[in-house]
Amino acid sequence: IGKEKFHKSQHWGYCNNVAMLVGEDKPGIGGEPLPGQKLKPKYSVFPEGIGSDAPAWVAFDKQVLSFDAYFEEEVPDKNQELYRIRHCKIYFYLEDDTIQVIEPQVKNSGISQGTIVRRHRIPLPPPHEDQFYTIDHFNINIEVILYARRYKIIDCDQFTKNFLRKMGVRLNPPAGRPDDPYTKERQKILDSMKPLRPYERIDTLKQFLEHNGHILRFFCVWDDPESMFRDPRELVLRYYLSDDTIDIKEIIPVNSGRDVVPLFLRRDKLPKNAPTGLYQPGTITSRTVLNVFGKLVGNRSRYILDNRKTGAVHQEFYRDSDLKIGAVINVWGRKIMLCDCDEFTKEYYRTKYGIEDFTPVSYKAPPPPKPEKTFPPYTGFGSEEDSLCSCMGLLPKPPQKDFKKFMEKDRSGMESNILRFLAKLVTDSPIDTDRKFIISYFLSDDTISVFEHIQRNTGILGGKFLERGRIKKPGQELFKSEPSEYFKAQNLFVGARVCFHGHNFLLVDADEYTFNYMEKHANEFSVADVGVILKKLKDIAESRSREVRQVFAASDPEHTKVIEYDPFRNLIVSITDGAFSEHEIMTLGRYYSVKDEYEMDLHFLLSVAQEQLKKNSFENFEQLSAVLTYNDREKCGVLPHEMCRTICKSFKLPVADDDLQALLTMFEDDHKQVEYKKFVDGLNWRENQIPAFQTIKVPLKNEDDWSGQPPSLPVKGIKYLPLLDDLFGKEE
């Protein structure tokens, strides 16, 4: 009653076509054991509550029990030993109950050692060969039989002891490690052996390992007395710290007439007193041998090694301590002076010997001054740069362009890198007075193009006025050797007078991008640097600060602290006596202008952004959301404002930067973090389309649509009190 499982195991089957009981270990009906039946676990069973609920191959990954053991091996073919004790390691892998037996390598044992039993599950000895070894079969000071070989476990490591204790196993005390009788006897023989003659060991391995690849380099000179002109020979001496050897290489000047050889002196130890007479073969040896008995005992001789080197020929070789700047060394009869060394050599001598003076020795006169290269004047054919390249070498090469500047200042997205100004002709002709021109300066290659604004019923055909190219400054000689000066971006600003090929232009205005670019790069454009302008104005008006304050106060009779641009411009011109350009006055007005404060409607912004996305066929909203989610490491649903803007820029979102900043600001929470999911859903014009506003039509600012017409006023109003405070300080 209450049972839900009634399946029955298959206990009978056929083995070699004989019907027999094949499922004696299978349970009865419903998976319950039969009366008197004890189910044997196939793998190690760990108590519940110990470790995690993960499977054994995950919970016990890379966990191994290590046991120290030994076994006896009979040696029937030798009289010196009857048996042999072989020590080994037994590893039990907890993840799958596999066992591995390894015997450590013993030097000169003559036995093939290493892996005795490869890793696998090992069955128990008969009559239980149908079962395998588990963790319950291991303990200290017990014997285990692996394939008829009896192993005695004597100890284990600390991890194994702790694990077995956690499993509830009572560990036996460790057993002693028996010694191999034959190995012990051999060790006694080796300990009793004494050398019959003294042994001298020459070990250079330590020096090689410490200084391999370390080379001291000296720059030397040899005044060859046998040469025809007795000119000095420049050499490079290299001292190898790994084996105290020296080689010398000669620096052969160009067109010297000398044969080029690989080395002036091949690598070897350099004797100090060379050259000397030739020695007989066998005179110079690394060891000295003495004949103890001579011919006293028949013809038999007895030789031993002489540690005192009696009668040996001693040679002195140059060491690193003998080499220093200014020293003269003997290279097989040639006197060579060390004049200088490299930085590694200086650091080596500074560290090892404490030498600080490394003043080089001058051994040759300073080279004559290089004659200045003069170029012929410009011929008038081609460009100046191209004509100059034909004078640089026999094979003319085209002039190199500044490719890095081109890549940095080329048009990219919303950044056009083009400065555009509105200009008028400076002329007395009444016909040309009203003509308007757009001067474009391309920052990528410093070229200028001029277009004339088309005006109806003037009788003048507008359009391209000057082809794009670099324009020389006026007043320069045409045929000269020096390169000509060209107009730069710093020469163009509102109020500047420029002359392009005989046409005088007055720059009267610029587009919004030009003002913003020049103010952003104020370090390049002094007319757009507020700090420079304020310093210049302070130097002019600081002596009459009270008068200036009164003039500004008189221009604001209603005390609104704001004045219009025209009165502000007239005041600056009267104070500076015309020392300020129109661009500098505009920069001051823009800096202290009254900013428009208004609240943008979220639906209007989203409708404008969706309209732009729809026109540009942008539909990668899923990828954008995936990248934003990936960068949200804490999975809190918000990201910093700047990070969201960077990700949107990386996707080349076709939305103006001002609109993007406003949208991100509107989706910020109380902690100034952007809720990126709502932001992406708002931009998704496929799923959450917002109808466009029909009554509000705001033209988007696009620099390509600039008509070149001057605005009525650069700014609406100017707050003059902050300007006066920055100039003269706050009034008490």
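## Exercise 1: a helix and its surroundings

In helix H8 (residues 512-520), the buried residues are Tyr513, Thr514, Phe515, Tyr517 and Met518, where buried means under 20% relative accessible area with a 1.4 Å probe and protein chains only. The model is a predicted one, in which local features need pLDDT of at least 70 and side-chain atom pairs count only at pLDDT 80 or more, whereas totals for chains, interfaces and linings use all residues. Residues are numbered from 1 along each chain as its sequence is written, and side-chain values use heavy atoms, with hydrogens and water left out.

Task: find which elements the buried residues of H8 pack against.

Solution: Helices (H or I, at least four residues) and strands (E, at least two) are DSSP runs, numbered from the N terminus.

## Exercise 2: a buried lysine

Task: decide whether lysine 161 is buried or exposed, and list its contacts beyond its neighbours within four places in sequence.

Solution: Begin by placing lysine 161 in helix H2 (residues 158-166). Its relative accessible area is 17%, and lysine 161 is therefore buried. Leaving aside neighbours within four places in sequence, lysine 161 is in contact (heavy atoms within 4.5 Å) with Ile140, Asp155, Cys156 and Leu171.

## Exercise 3: two helix pairs

Task: state how H13 and H16 are oriented to each other, and then how H14 and H17 are.

Solution: Take H13 (residues 602-615) and H16 (residues 657-666), whose axes come within 10 Å and cross at roughly 135°; axes are lines fitted to C-alpha atoms over the stretch in contact, with angles from 0 to 180 degrees between N-to-C directions. Angles under 35 degrees count as roughly parallel, over 145 as roughly antiparallel, 65 to 115 as roughly perpendicular and the rest as oblique, and H13 and H16 are therefore oblique to each other. Leu602, Leu605, Leu606, Val608 and Ala609 of H13 make this contact with Asp659, Ala662, Leu663 and Met666 of H16.

Turn next to H14 (residues 621-631) and H17 (residues 676-683), whose axes come within 10 Å and cross at roughly 170°. These two helices, H14 and H17, are therefore roughly antiparallel to each other. Here Phe621, Leu624, Ser625, Leu628 and Thr629 in H14 meet Tyr676, Val680 and Leu683 in H17.

Notes. Buried means under 20% relative accessible area, exposed over 50%, partly exposed in between (1.4 Å probe, protein chains only).
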